[in-house]
Amino acid sequence: MSRLTSTFQVLRHANRKALIPFITAGDPEPGFTVPVMHAMVEAGADVIELGVPFSDPMADGPVIQKASERALVHHMSLGKTLDLVAEFRRADRTTPIVLMGYLNPVECMGYQRFVDRAKDAGVDGVLTVDMPPEEAGEFVPMLHRAGLDPIFLLAPNSSDARVQRMAALGRGYLYYVSLKGVTGASHLDLAEVESRIAHIRSLTDLPIGVGFGVKNAETAAAIGRFADAVVVGSALVEKIAAAQDRPEQARKDIVDLLAVMRRALDT
Amino acid sequence: MQDEIQPYDLPDERGHFGPYGGIFVAETLMEPLEELKAAYHRYLKDPEFLAELDHDLNHYVGRPSPIYHAERLSRELGGAQIFFKREDLNHTGAHKVNNTVGQALLAKRMGKRRVIAETGAGQHGVATATVAARLGMECVVYMGAVDVQRQALNVFRMKLLGATVIAVESGSRTLKDALNEAMRDWVTNVDDTFYIIGTVAGPHPYPAMVRDFQAVIGREARRQMLEMTGRLPDALVACVGGGSNAIGLFHPFVDDREVAMYGVEAAGDGIETGRHSAPLSAGRPGVLHGNRTYLMEDEDGEIIETHSISAGLDYPGVGPEHAWLKDCGRASYVSATDAEALEAFHILTRSEGIIPALESSHAVAYALKLAPTLSSDKIVLVNLSGRGDKDIHTIATREGIVL
């Protein structure tokens, strides 16, 4: 059983919801990433989504675009992101890590080489934003064979047929994009999200995480009432942007926000 | 009545040209792309739609554009006869409008009230703003902040036409970033917005759809050459950035095996310097902007900055059908440097009284090399995709002249 699946099982038995923070690897510089990952786990993160910087992050809003740009200044890459995961794994054998990024760096490395390296580094899940299942015929079976979980995005306008297809190919959890828009947008309609999640549950047994636009503890708690996981990205990355030259402060701000979200989710 | 759009076996149902093309986008765009594909398949077979398109191309764009035999230039070069397809004479000054007229009519049929576009040199932005003005649609054009600076004239033209021009400050602040930002707008406003992509790139059905709207160039040219010369040309030459004018010319000739096809990329300071925009000549396959194609990227798969004197060719990717035509050998892809394009610009201006766009000057530059290698009974047809008025300031600055 994959680390993601067992994590969600344990949470389900405890009647708890997963808190999944997202940060971009190497933002604002490579040395910041691994310590903050450990700190996030201590603050209550159940799974970590680690963004792989890309020069053309088409699905991201300005906050995560800037995170990619800051990381790329330090020549952060897919390969170096995998090195950071391996470093994290030396001290944490239990927290699942999901890589989230765009396809081109993976194509450039080569699918099989990426799968082998990700497995060795201790990656658990792979979310490739711009690779819908129609184009994943070669890649997804490689991930399955290696025991890596492909994570798919579901959108408000995904048809039932598409949801079922992604539920069949996906492992670990499905990531429901809460709105039509880019990461960090601010027009989240909770009632709408809740009714969509209820519908998606009739089509799949996989755990469902909700992300895009989760800015505060109140929203996290509201989503936790109907979803299995809450993903928070831009709100954390904003803390890094605001304190780029003060890593201690950025780390503290991230930990504080996550701790508040954790409490809100657990009560 | 316009000829019926030719049946052609590529792309396949999911938009593949061999290993290239496809649909590589985030999930939220899958549904609108399906909707667009359905509309495109429906209306490009609808006689009423085609009649309206044909009418607009004739009476608004000014089609058919003429074919011109450059007799003096041919004589001076002492080789093949050079003919130009005069897309520079279209309304708004380039081939771009063929596509925006078509996509805007499609947008209207689909009930969209707002159109968005990306632009590099500003020609596609102007062509989009133009049709939006005519149809009374809201228009937002995304343009890299660097391009906003170097193409101030076209920015003002778009504003005069009622468009909102948004300077994109992310990434390298050029065409590729404008495309990213337009995609972000589209994903946020999919319900009422139609994204008019300006070239034969992007996710399916864009490469096929833009090709079909631009193929009017090649259909006319084929007919006109038969009427004028009694035969098909021996070679076609067109510049390739994203590649829409080239595909527009090439496509109706793909099955005419005796017609050679040359796509000319921008070699910038020279391919060997790395400062160029020539992914087919010096890049490798990858995935960007919704399709798999040749790209300019570094060893980690990050897209690298491109260079060309011509803003319209300054793009790190290329339409997936060109990638396929290259791999299967049907078309040849060559390149011309900034210096060669500038020289060609002056030669054509002085010998024929035609001021070409800097983009088209790359095609002219290759024709100047090709023609002398062929005998005088051979015919080279060059797509003169746009006129050079917009480039006068660039040329003057480059030559140290203050206007």
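What follows is a short exchange on a predicted two-chain model, covering K96(B) and the interface of chain A and chain B.

Local features need pLDDT of at least 70 and side-chain atom pairs pLDDT 80 or more, while totals for chains, interfaces and linings use all residues. Residues are numbered from 1 along each chain as its sequence is written, chains are lettered from A in the order in which they are written, and side-chain values use heavy atoms, without hydrogens and water.

Biologist: Is K96(B) buried or exposed?

Modeller: UniProt, in an unreviewed entry, lists K96(B) as N6-(pyridoxal phosphate)lysine; such annotations may be inferred rather than shown by experiment. Buried means under 20% relative accessible area, exposed over 50%, partly exposed in between (1.4 Å probe, protein chains only). K96(B) has 17%, so this residue is buried.

Biologist: How much area do chain A and chain B bury between them?

Modeller: Contact means heavy atoms within 4.5 Å. By that rule, 37 residues of chain A meet 39 of chain B. Buried area is the accessible area (1.4 Å probe) that two parts lose on being put together, summed over both. Carbon and sulfur atoms carry 50% of it, and the total is about 2,900 Å².

Biologist: Which residue of chain A forms a salt bridge with D191(B)?

Modeller: A salt bridge puts a side-chain nitrogen of Lys or Arg within 4 Å of a carboxyl oxygen of Asp or Glu. The rule finds four across the interface of chain A and chain B. For D191(B), the closest N and O atoms are 2.9 Å apart, and the partner is K180(A).

Conventions:
Helices (H or I, at least four residues) and strands (E, at least two) are DSSP runs, numbered from the N terminus.
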